[in-house]
Amino acid sequence: MKTGAKILIEALQREGVDTIFGYPGGSVLPIYDELYDSSIRHILVRHEQAAAHAADGYARASGRVGVCLATSGPGACNLVTGIATAYMDSVPVVALTGQVPTGMLGNDAFQESDITGITMPVTKHNYLVKNGADIGQVVREAFYIAGTGRPGPVLIDLPKDVTTNQMAGDGGDGGEVLLRGYQPTYRGHVRQIEKALALVGEAERPVIYAGGGVVHSNASAELLAFAERAAVPVTTTLMGLGSLPCDHPLNLGMLGMHGTAAANYAITESDLLLAVGVRFDDRVTGKLEAFAPNATIVHIDIDPAEIGKNKAVDVPIVGDVKTVLATMLERMQKHPQTEGWRNRVSGWKQRHPVTFPDDDHLRPQYVIRQLSDILKGEGIIVSEVGQNQMWTALHYCFRKPRTWLTSGGLGTMGYGFPAAIGAHFARPDMPVIDIAGDGSFQMNIQELGTVAQYDIPVKVFVLNNMFLGMVRQWQELFYDRRYSYTELPPVDFVGIAKAYGVDGIRVEEKDGVRPAIEAALAADGPFVLDFRIEREENVFPMAPAGAAINEMIGVHQE
Amino acid sequence: MKSHTLSLLVENQAGVLSRVAGMFSRRGFNIESLAVGTCEEPNMSRITIVVYGDDLQVEQVMKQANKLIEVVKVSDITQRESVARELALIKVVAETGTSRAEIMQIADIFRAQIVDVGTRTLVLQVVGDTKKIDALETLLRQYGITELVRTGKIAMLRGSKTVKSAK
Ligand SMILES: Cc1ncc(C[n+]2csc(CCOP(=O)(O)OP(=O)(O)O)c2C)c(N)n1
C-alpha cells in the first residue's frame, strides 16, 4: 500500500524529474511529506509565480519538461501568469497543484479555486485527478502532452484526499500513451515539400523567417545547413535568436517592430518567404498587408492551426521543423541564384548596422555589448520585458540555441529573474545572467531570497533608468512626452541585495562597466549589478505599431 | 458569412463541454446552437455546434478545436449531404373554441404532436430542420407562445459516411 503522494513522486521520477520549483501549503502537505526524503530536489521559491517561471526557464534552457508545485487556491492562482507565459511561448511545463478534498469540491471550501477552469485557456491540457488509481497514467500523459508536438504547459490538480489515501498498486504506471485525439504530425507531406523545393529553386529574392519552433524542435543544425546549401539569408524572430550564430554572413538579425533594417527590408522585397516554426505574430509582421507583399509563402509548422491563421500561405507544410528541414536537405536538387540578392541584402546590413551613440555616457547597449564580448556566447542570457529585452536582442551576439530565454508572446515583466534560476538548474555549467529593468526586477525581486538561500549563481544586471522605460519610450514618441505614471524613484538595489545576503555593485560610469561585469561573473554566488544608465535612452530601430515593418524610426529610409 | 454546422466526436471526460464551448467563445465565436450526447462508441460523445462566420474563421476555429486533446474529430458538414434535425417544445395559449381547433390543425400540417393538453394551453412537440421550427413558431405566435424550448440542432452525414477517425 502506498499513498497517492508516493505514487505521484514515483511517477515523476519515472519521467526523469530531478528538480521541482515550489511552495507549500495545506493541500499539498502529503506531497511535501513525500518530497522530504525523496531524491528529487525541491527549490523553495518566494512566490509561486516564480516557481512557474523557474520551471519554464529550466525547460527552455534544457529542452526537458520543467515542473512546478503549488498549494490550492492562492498558490495555484499565483502560478497562472507563469503558466500563461509558458503557453504563449510553447514551453513544456507540468504544473502540480493541490486541491481541496474531493468531497468538498465545489463548496467554496477554504482555499478552493477552480484551477482547472481558470487555466483552461492557458494550458495545452489539464487534469483534475479524482481517483488515486489514475495518478500514474495522468502523470505519464501530462509529460507526454507537454513535451511532444507543439510543446506547452499541462496542469494536474490533486485533491488532498487523493494524495493522502493509501492504495494498492502503482496508480497505473502509464506505459505507452495512446490518445486518440492527440496525434501530432511530424513528417511533412512529401508533395508539399517538393513544391516548396521547386519554389526555392526558382526564387530570386528568398528569405528564411525562422522562429521559436526551430529552437523547440532542436533544428538549428538543419536550419544552418539548409540556409547555407541554398544560400538564403535568414532573419529570426525574438524567439528564434540563437538558432543561427549572430555573426553568420547569412544572418540578418531580428525582424519586426524592433527588427534590423536589413531584415525588414529583405522581408519587404522578398519574392519567396520560407517561414519556419513561426506564427506571424503582430509584433513581427506590423501591418499585415505590407508584410512580404510580393512573396510566395511557404510555412512549416507542427501546429496546423498556425498555418493561415494571420496570413494566407501558398505552400503549407505541417510537420516537425527538424524533420521537414532534414527531408528538404535530402531532396534539394536545384539551388536558387541568389548572389545578386545576397549582395543587396549585405549592402543593407553595412549601411544600417545596429548602432548606438557610443560616447562617454553609460548606455545600456554598451553594457550588453561588453557582456557579449566577455561571454562569447558561453552563457545563458535571460531578459525581463521592455527596453532591456529589446536592447539585449539587438546588441548581444547569440551563437547557440537555448542560450536566450525571454517572454515573447505574453511579455511578462518579472519573468527573467526566476527563469534564470530555473535555467541554472538545467545548465549548472553555464553562467546565467538576467538582464533586467528596474521595473521588471521589482516584480519578482523577492527571489533574492531564493538565490541567497541556495547560493544560486544567477547574475542580475539591472539597466536602471528609473523609468518603466519601454512605456516611457511610447509616451515620448506617441503621447507628446507626457510621462504618465512611468517614472520610478531610485532604488538602492545593491542595498536590497545585501540585505538578502547577496553581493552587488552599483555602476555609475562607463569605465566601471567592464570591471563590474568581470567581478560579477567571477563571483561564485549570485550577484546584482545596478547600472545607472542614461535615463531616456530609446530602442531603435522601431516600426510603430500598425505601420509596415520597413517604415522604421531610427533608420534613414532607403 | 454564414452558419456552419460542425460535428465533433469527443472523449466523454468531465469538463470536455466547457473546454469546447470555452474555446469557441474565447476565439470570438457566438455559438448559435449546441447539442451534446453520448453516441455509438462507449465513452465518447458527439457535439453538434452551429456557428456563424466566414469560411476562413470557421476553418481556424475547427483547427483550434482539433487541438483539444479530448476532441477526436471535427467536421464541417454544412456543405456535405447531411440530415439535420431539431426538436422543439412549444407551449401555446389555446382557449377552448376556434383557436384551439386552429392550433390543432396547424400542428397536423407540421406533423407536430400535441404532448400536453391543459385547460388554457397546449404543448406541441415538433421535429424538423431549423426552418420548419422557425415557421411553426411564427405561425403560433399570434395565439401567444408562453414558453418555447429547442434542443439545438443535431446532424449526421447521409449514406455510409461517418464523422469518425481511426482508433
Ligand atoms: C506584468 C506586466 N505588466 C505591465 C507590462 C507593460 N510593460 C511593458 S514594458 C514595461 C516597462 C518595463 O520597465 P522596466 O522593467 O524598468 O524595463 P525598461 O523598459 O526600462 O528596460 C511595462 C510596464 C508588462 N509587459 N508586464
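A word on conventions before we start. Residues are numbered from 1 along each chain as its sequence is written, chains are lettered from A and ligands numbered from 1 in the order in which they are written. Because the model is predicted, local features need pLDDT of at least 70 and side-chain atom pairs count only at pLDDT 80 or more, while totals for chains, interfaces and linings use all residues; side-chain values use heavy atoms, with hydrogens and water left out.

Let's begin with the UniProt record for chain A. From this unreviewed entry comes a domain called "Thiamine pyrophosphate enzyme N-terminal TPP-binding", at residues 3–116. UniProt positions are in the numbering used here, feature names are shortened, and annotations may be inferred rather than shown by experiment. In the model, residues 3–116 of chain A are 44% helix and 18% strand, with end C-alpha atoms 23 Å apart. Helices (H or I, at least four residues) and strands (E, at least two) are DSSP runs, numbered from the N terminus.

The record, again an unreviewed entry, also places "Thiamine pyrophosphate enzyme central" at residues 193–326 of chain A. That span is 34% helix and 20% strand, and its end C-alpha atoms lie 11 Å apart.

Several N or O atoms of the protein pair up with the ligand. A backbone N or O atom of A:Gly411 is 2.8 Å from a ligand nitrogen atom. The side chain of A:Asn465 has an N or O atom 3.0 Å from an oxygen atom of the ligand, and a backbone N or O atom of A:Met470 sits 2.9 Å from a ligand oxygen atom. On its own the ligand has 590 Å² of accessible area, and the protein covers 76% of that. Such areas come from the Shrake-Rupley method with a 1.4 Å probe; for residues, only the protein chains shown count as cover.

Next, a helix to look for on your screens: α17 of chain A, residues 416–426. 11 of its 11 residues are buried, so α17 is largely enclosed by the rest of the structure. Buried means under 20% relative accessible area, exposed over 50%, and partly exposed in between (1.4 Å probe, protein chains only). Among the buried residues of α17 are A:Phe417, A:Ile421 and A:His424.

Let me also point out some single residues. A:Ala227 belongs to helix α10 (residues 220–230) of chain A, and is buried at a relative accessible area of 1%. Leaving aside residues up to four places away in sequence, A:Ala227 touches A:Ile208, A:Val232, A:Val234 and A:Leu250. Contact here means heavy atoms within 4.5 Å.

Where does A:Thr123 lie? A:Thr123 is in the loop between α5 (115–119) and β6 (125–128) of chain A. With 5% relative accessibility, A:Thr123 counts as buried. Its side chain reaches the backbone oxygen of A:Thr119 at 2.9 Å. This is a polar contact, a pair of N or O atoms within 3.5 Å; within protein, one must be able to donate a hydrogen and the other to accept it, and residues adjacent in sequence count only if both atoms are side-chain atoms.

Finally, chain B. Of its 167 residues, 43% are buried. Chain B exposes about 9100 Å², with carbon and sulfur atoms supplying 52% of it.
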